[in-house]
Amino acid sequence: MKFEAHHKETVVLDPKTRAARAIPSEIRKDPLTGRTSRICHFMKLKWEKPDFEKITAGTEKICPFCPDKVLIITPYFAEDLIPEGRLVSGDMVLFPNIAPYDSLGAVATFGSRHYIPMTEITPELIVKGFRLAFEFFKRVEKLKHPESVYHIINWNYMPASGSSLIHPHLQVFSTSSAPNLMRQELEAAKEYYNANGTNFWDDFVKSEESEKKRFLGRIGRTAWLSSYAPIGVAGDVLAVIDGVNSTLDLTEKDLSDIALGLTKAMKAYDKMGIYSFNMNFFTGAKGDDFTRFHLLFSPRTFFNQALGTPDVGALRNLFNETLCMAFPEDIKDMLAPDFKL
Ligand SMILES: [Zn+2]
């Protein structure tokens, strides 16, 4: 496995003494797609957590996902898709996304509790939310719907991640249109398979597991690691599931293992003062043997917390060039204590 990095150096002079100081940076290439990620702006990965009571106070009054409103405000699915209108599991509700970006989009709440601190999100809660999303996927698949190709769960947790609501929820959609990065990865994995006769992800995990520098461990058949070329400013946690190509091939055990790993990542990033994240499924279509199902957990924070400056600026937003403020190998060391099994 080729892990390419272009090392650079910037020399600046001290304003008083004119003494030279060299500042390193690194441009890494994602081993699958060649997407570049800059390791730079080195700083201690430490943020101040805000007063959550202040942030969340009163937001439940206008929250459409709170139990007094969710069954009154949220829409029903068309009868040919979900005859009962919505899917319900205990206090969790899955309903159509009122701001759809694809034809089969849903939102699933994590239950009646309006604000759940990141460290109080349990594996059981995540599994329950995933199961409800899978019920939606299975319905779509059973109907042989033309959009039943890629079954995706996205999670924006807390406003810094792009969530417009405090109330924890999942974005759930089935689509024939793979989103950009997922499509690029699928194309690159197919190319790799055709050129080498092996699965990129299998080779990648094998290499990372033996190299150990970024490998966090295994939970069941799920391998956890710190991404070599992260998207997030505080790195990314990547989970790859052995032998699984697409979302619907995941077993109940896989879902528990994924949920457990996610809570470990949350615990570790909480210690850095981070309290927001994105999580996306990256899936192949059924029978896409050249790929493996994987997911990315990407912590979200601020460039300037006092001003509320997001961690996405022009470089990322318009060039899709990412910055990570510490070496992924050091991030692995920071996450490792929480991944001890
Ligand atoms: Zn709420």
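The model is a predicted one.

Start with the overall build. The protein chain holds eight helices and 16 strands. Its C-alpha trace spans about 70 × 55 × 40 Å along the principal axes. How does the radius of gyration fit a compact globule? A compact globule of 341 residues would have a value near 20 Å, and the protein chain has 21 Å, so the two agree.

Now look inside. Of the 341 residues, 53% count as buried. Take the contacts in the protein chain with a separation of 6 or more: residues 24 or more positions apart account for 66% of them.

The protein chain exposes about 16000 Å². Carbon and sulfur atoms supply 54% of that area. Charges come next. There are 41 positive and 43 negative ones, and their mean positions lie 4 Å apart.

Finally, zoom in on Arg292. Where does Arg292 sit? Its place is the loop between strand E12 (277-282) and strand E13 (294-299). Is Arg292 buried or exposed? Its relative accessible area is 13%, so Arg292 counts as buried, since the cut-off for buried is under 20%.

What surrounds Arg292? Set aside its neighbours within four places in sequence. Arg292 is then in contact with Asn199, Trp201 and Asp202, with Val240, Ile241, Asp242, Gly243, Val244 and Asn245, and with Phe282. A polar contact of 2.8 Å joins its side chain to that of Arg292.

Key:
Residues numbered from 1 in each chain as written. Predicted model: local features only at pLDDT ≥ 70, side-chain atom pairs only at ≥ 80, totals over all residues. Heavy atoms only, no water. Helix = DSSP H or I, 4+ residues; strand = E, 2+ residues; numbered from the N terminus. Rg over C-alpha atoms; globule rule 2.2 N^0.38 Å. Buried < 20%, exposed > 50% of the residue type's maximum accessible area, 1.4 Å probe, protein only. Contact = heavy atoms within 4.5 Å. Areas by Shrake-Rupley, 256 points an atom, 1.4 Å probe, with all protein chains shown as cover. Lys, Arg positive; Asp, Glu negative; His and termini not counted. Charge placed at Lys NZ, Arg CZ, Asp CG, Glu CD. Polar contact = N/O pair within 3.5 Å; in protein donor to acceptor, adjacent residues only side chain to side chain.
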